[in-house]
There are 2 protein chains.
Amino acid sequence: MEKITATTIFESLSSGVRLDVYRLLVKKGAEGMVAGEIGSSLDVPPANLSFHLKTLTHAGLITVCQEGRFQRYRANLPLMMELIGYLTEACCNGNPAQCGDFSSQTLCPQSIDTQSVMNSKPTA
Amino acid sequence: MEKITATTIFESLSSGVRLDVYRLLVKKGAEGMVAGEIGSSLDVPPANLSFHLKTLTHAGLITVCQEGRFQRYRANLPLMMELIGYLTEACCNGNPAQCGDFSSQTLCPQSIDTQSVMNSKPTA
DNA sequence: AGGTCGTTTCAATAGTTCAATAAATATTGT
DNA sequence: ACAATATTTATTGAACTATTGAAACGACCT
């Protein structure tokens, strides 16, 4: 996956409206929803919804099919899977065993050598 | 997970610089990197890097520990796992069997037969 | 053809973000 | 305390994003 693809996806989901739309479509699965349904479900005015649907579509996160005068939208789950793979690529330098330790280390309380800390001056 | 948390995370990763930083830290795993290392690895000026590190930290995607005059940053992988769970929550209305069909349906080229379209109502 | 419905585009406004500079802060070693 | 290094903060202006109503477009039905 190219970087520009990933950032475009993240940018798409950085809006509350678009996040709601995407999650709603994920929930609906292969059935998808037409624009009007989405709009009434989430209470978003047509023009605004259209704007956000266009953004999501452009990012590839959702797809659209014309059904007569309706536009049916569906979530593109494979792209999300690809994105996750991109993010966790070469995770922990290829030592997945380390990954399990993350939860205890992200707060980084004791990860610093005790002696070094002890010898350092306190915040005067 | 709250919506605002998710959108903040996505917004954080919508910048190419921040995406690079995050992926670099994911690669480094529990070891992490100090700000200077990150900056020289990615060739980002200090002030700009600091701005992006702050954004990522605020979103909770990375954590920071002080080590003397160095700031060591680490990726917060558990949060990413939580985010993925939030996105795929109630996927396909709880029918995971449908999820496998996504790849063939997202492109929706012939998935909708012309005749069906002609006769079908939107909400099925 | 004419009327209606679903959806998108347009234009204007308001608010927000980004990167670069320069200055400030915090920590270390002398 | 002083100088040097590492990092953060503040400021600036240009560029971008979100929202809305009105208008336009395309597809359906009679």
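**View 1. The interface between chain B and chain A.** About 4,400 Å² is buried between chain B and chain A, and 68% of this area lies on carbon and sulfur atoms. The model is predicted. Contact involves 47 residues of chain B and 49 residues of chain A.

View 2. Chain B and chain A share 3 salt bridges. One of the pairs joined by a salt bridge is Lys3(A) with Asp20(B), whose closest N and O atoms are 2.8 Å apart.

**View 3. The side of chain B that touches chain A.** Helices and strands both contribute here. The helices of chain B that each supply at least two residues are H1 (3–12), H2 (16–28), H5 (77–87) and H7 (102–105). Strands E2 (62–67) and E3 (70–75) of chain B also supply at least two residues each. H2(B) gives the most, with 7 residues. Sorted by class, this side of chain B holds 24 nonpolar, 15 polar and 8 charged residues.

**View 4. The rotation axis relating the two copies.** Chain B is superposed on chain A by a rotation of 180° with 0.0 Å of shift along the axis, at an RMSD of 0.1 Å. This is the relation of a two-fold axis. Both copies use the same surface: 91% of the contact residues of chain B recur in chain A. Phe10(B) is the residue of chain B that comes closest to the axis, with its C-alpha at 2.3 Å.

**View 5. The protein surface near DNA strand D.** DNA strand D is surrounded by 22 residues. The closest come from both chains: Glu11(A), His52(A) and Gly68(A), together with Gly36(B) and Tyr73(B). By class, the residues of this surface are 9 nonpolar, 8 polar and 5 charged. Sugar or phosphate accounts for 76% of the atoms of DNA strand D within 4 Å of the protein, and bases for the rest.

**View 6. Chain B at the phosphates of DNA strand D.** A backbone N or O atom of Gly36(B) is 2.8 Å from a phosphate oxygen of DNA strand D.

Definitions and conventions: Residues numbered from 1 in each chain as written. Chains lettered and ligands numbered in written order. Predicted model: local features only at pLDDT ≥ 70, side-chain atom pairs only at ≥ 80, totals over all residues. Heavy atoms only, no water. Contact = heavy atoms within 4.5 Å. Buried area = accessible area lost by both parts, 1.4 Å probe. Salt bridge = Lys/Arg side-chain N within 4 Å of Asp/Glu carboxyl O. Helix = DSSP H or I, 4+ residues; strand = E, 2+ residues; numbered from the N terminus. Nonpolar A, V, L, I, M, F, W, Y, C, P; charged D, E, K, R; others polar. Least-squares fit on C-alpha atoms with pLDDT ≥ 70 in both. Near = heavy atom within 4 Å. Polar contact = N/O pair within 3.5 Å; in protein donor to acceptor, adjacent residues only side chain to side chain.
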